[in-house]
Amino acid sequence: MKNGRTTKGEAEASIRNAVIKFEQEFMGRGPMDVKAFILCDLVLVRLKGVLTQAERQLAKSEDGIEMVKAMRQNLISQGREKLCSQVSQITEATVSGLFTDIDVSIGERIIVFSLDQDLEAKFPSAS
């Protein structure tokens, strides 16, 4: 976002790519679809098709669902610092919070980063 030259779409694409790389490194595979959205002082990332074949098998039972959710939470905790650092570099804002949940039944995950400033005001207006 240096000197206001980066567009909102470019920043969202960079965040998307950082999250895909993170998922590949930590899970061994990337999600089928990822979209990132900058909304004021939040970055919302929606990942579809995140479950591995083994996780899909586990998710057929209630205990398995809890195991998958716990494992995914553990992995995001281990990589939290790296992921927040990447988002901070891209946005030039401090990440003050990271929130995530996964719906195992549909294989979709949401990650929300809260930031210390409104990013939308930083982007050049579309004219």
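Me: Arg72 first: buried or exposed?
Reply: Arg72 is buried, at 1% relative accessible area. Buried means under 20%, exposed over 50%, and partly exposed in between, with a 1.4 Å probe and protein chains only. This is a predicted model, where local features need pLDDT of at least 70 and side-chain atom pairs count only at pLDDT 80 or more, while totals for chains, interfaces and linings use all residues. Residues are numbered from 1 along each chain as its sequence is written, and side-chain values use heavy atoms, with hydrogens and water left out.

Me: Which residue in α2 does Arg72 pair with?
Reply: The side chain of Arg72 forms a salt bridge with that of Glu55, at 2.7 Å from N to O. Glu55 lies in helix α2 (residues 53-58) and Arg72 in helix α3, so the pair ties together parts that are 17 residues apart in sequence. A salt bridge here is a side-chain nitrogen of Lys or Arg within 4 Å of a carboxyl oxygen of Asp or Glu. Helices (H or I, at least four residues) and strands (E, at least two) are DSSP runs, numbered from the N terminus.

Me: And Glu55, buried or exposed?
Reply: Glu55 is buried, and so is Arg72. Salt bridges that share partners join Glu23, Glu55 and Arg72 into one network.

Me: What are the details for Glu23 and Arg72?
Reply: The closest N and O atoms of that salt bridge are 3.3 Å apart. Glu23 is in helix α1 and Arg72 in helix α3, 49 residues apart, so this pair links distant parts of the chain. Glu23 is buried too, with a relative accessible area of 3%.

Me: How many salt bridges are there in the whole structure?
Reply: Seven. One of them joins the side chains of Glu120 and Lys8, at 2.8 Å from N to O. Glu120 lies in the segment after β4 (108-115) and Lys8 in helix α1, so that pair ties together parts 112 residues apart in sequence.

Me: Which residues line the largest cavity?
Reply: Phe22, Glu23, Phe26, Met27, Arg72, Leu75, Ile76 and Arg109. The elements giving two or more residues to the lining are α1 (8-27) and α3 (62-91). α1 gives the most, with four residues.

Me: What is the lining like by class?
Reply: Five nonpolar, no polar and three charged residues. Nonpolar covers Ala, Val, Leu, Ile, Met, Phe, Trp, Tyr, Cys and Pro, charged covers Asp, Glu, Lys and Arg, and the others, Gly among them, count as polar.

Me: Last topic, backbone. What is the phi of Cys40?
Reply: It is positive, about 55°, although Cys40 is not a glycine. Most residues other than glycine have a negative phi. Cys40 is in the loop between β1 (33-39) and β2 (42-48), and is partly exposed at 39% relative accessible area.

Me: Where is Glu92?
Reply: Glu92 lies in the loop between α3 and β3 (95-103). The phi of Glu92 is also positive, near 55°, and at 32% relative accessibility Glu92 counts as partly exposed.

Conventions
1 Å grid on protein atoms, 1.4 Å probe; cavity = no way out; pocket = protein on both sides within 12 Å on 5 of 7 lines; lining within 4 Å.
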